[in-house]
Amino acid sequence: MTEPYDLITMGRIGVDLYPLQTGVSLAQVETFGKFLGGSAANVAVAAARLGRRSAVISRTGRDPFGDYLHQALREFGVDDRWVTPVDGLPTPVTFCEIFPPDDFPLYFYRRPKAPDLVIHPEELDREAIAAARIFWITGTGLCEEPSRGATLAALEARAKAGPTVFDLDWRPMFWGGEGGASKDGGASGAAARATARPYYEAALRYATVAVGNVDEAEVATGLRDPKACAQALLERGVELAVIKQGPKGVLAVHRDGRVAEVPPTPVEVVNGLGAGDAFGGALCHGLLAGWELEPMMRYANAAGALVAARLACSSAMPTVDEVEGFLAGR
């Protein structure tokens, strides 16, 4: 096997088609930009932009959009060897609307099934997953088989060999909530959360780090108070719980008693989508560097803020010089 990767992510990949006009609905948009998207892919790109050797495990359709995603990953310096095609399924496309500062509706086109949910356990390179300095999985990967079984098999192979991050990544429509297939989620998505929680709890037993916002932490814990969520995540097996609180900043709590509460980094928001993935890539960068909690959270916040001030996700991920320059100017 080659030298271990700094980061291997596993999960969603697709094409983002983002409007080049802001403040209007999709019905009024005239032009779009095309970008690599999907949380797992974006986190791998974010880490690569910070100088880390990263790879992603996912699948695309056997179509021109799939070809584009391979091209984009390579251009960003992300290894695409474990991104494979699925015959008969289209590469997913995601549209958004942009209403700054805090309204960015997403429209997922992942039917009849997204290829990234057709990852099979027997396809996994378990040796590479175990050897990676960080392994990262997402909640979306648990929503359907065979991806669910593959994700849990990857975590089992990993066996907490190093930092193993569970991005709580809650998309209720993938679980039958809030307009999803089963229509049983309603406005709150309570039924969808109840469906997802056992699988989240199973994944947490293998994770050393959990990261998500309060809504996502509620899926895993049933709680909404950030400090209570963090404590519940620690009780479920992780060593570090990171709760993103939007305008209230970020809370990080370690099993050893260390706590960091960092305020948000103010910027003029252009598109908030992708900020969380930039945060994730920077979090991995800090974990690999062995940073203390507070500087790591400040750095991750800054990376997320830089992306929020830009239109795109993957192509907006900042470099080390950009993050350091931004922090120096605060």
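Two residues are said to be in contact when they have heavy atoms within 4.5 Å of each other. By this definition, and not counting residues up to four places away in sequence, Leu26 touches Phe32, Phe95, Cys96, Glu97 and Tyr107. This is a predicted model, in which local features need a pLDDT of at least 70 and side-chain atom pairs count only at pLDDT 80 or more, while totals for chains, interfaces and linings use all residues. Residues are numbered from 1 along each chain as its sequence is written, and side-chain values use heavy atoms, with hydrogens and water left out.

Helices (H or I, at least four residues) and strands (E, at least two) are DSSP runs that are numbered from the N terminus, and Leu26 is found in the loop between β2 and β3. A residue is called buried under 20% relative accessible area, exposed over 50%, and partly exposed in between, with a 1.4 Å probe and protein chains only; Leu26, with a relative accessible area of 24%, is therefore partly exposed. Leu26 and Ala316 are 290 residues apart in sequence, and their C-alpha atoms are 22 Å apart in space.

Arg12 lies in the loop between β1 (7–10) and β2 (14–19), and Arg12 is buried because its relative accessible area is 6%. The side chain of Arg12 makes a polar contact with the side chain of Asp169, at 3.2 Å. Such a contact is a pair of N or O atoms within 3.5 Å; within protein, one must be able to donate a hydrogen and the other to accept it, and residues adjacent in sequence count only if both atoms are side-chain atoms.

A nonpolar core is a set of buried Ala, Val, Leu, Ile, Met, Phe, Trp, Tyr and Cys residues joined through side-chain atoms within 4.5 Å. The largest nonpolar core has 63 residues, of which Val78, Val242 and Met297 touch the most other members. Helix α9 (residues 293–308) gives the most to this core, with 10 residues. Apart from this core lies another, of 47 residues, among them Ala114, Tyr200, Ala220 and Leu233.

Just after α1, Gly51 takes a positive phi of about 95°.

**Aromatic rings**

What describes a pair of aromatic rings? Such a pair is described by the distance of the centres and the angle of the planes. Rings of Phe, Tyr and Trp (its six-membered ring) pair if their centres lie within 6.5 Å, and planes under 30 degrees apart count as stacked, over 60 as edge-to-face and the rest as tilted.

A search of the whole structure finds 11 aromatic pairs. In one of them, the rings of Tyr18 and Phe35 have centres 6.1 Å apart and planes at 55°, so the pair is tilted. This pair links distant parts of the chain, with Tyr18 in strand β2 and Phe35 in strand β3 (residues 32–37), 17 residues apart, and both residues are buried. Trp291 and Tyr299 form an edge-to-face pair, 4.9 Å from centre to centre and with 65° between the planes. Trp291 is partly exposed, with a relative accessible area of 30%, whereas Tyr299, at 5% relative accessibility, counts as buried. Phe166, Trp170, Trp175, Tyr199 and Tyr200 form one aromatic cluster.

A charge sits over a ring if NZ of Lys or CZ of Arg is within 6 Å of the ring centre and within 35 degrees of the ring normal. Lys34 lies over the face of Tyr68, at 4.2 Å from the ring centre, and the charged end of Arg81 sits over the ring of Trp82, 5.7 Å from its centre.

**Backbone angles**

Most residues other than glycine have a negative phi, and most peptide bonds are trans. The table lists some backbone angles.

| Site | Feature | Angle |
|---|---|---|
| Pro100 to Pro101 | cis peptide bond | omega near 10° |
| Glu145 to Pro146 | cis peptide bond | omega near 5° |
| Ala159 | positive phi, not a glycine | phi about 50° |
| Lys160 | positive phi, other than glycine | phi near 55° |

Pro101 is found in the loop between β7 (93–96) and β8 (106–109), and Pro146 in the loop between β9 (134–138) and α4 (147–158). Ala159 belongs to the loop between α4 and β10 (164–167) and counts as exposed, at 52% relative accessibility. Lys160 also has its place in the loop between α4 and β10, and is partly exposed, with a relative accessible area of 34%.
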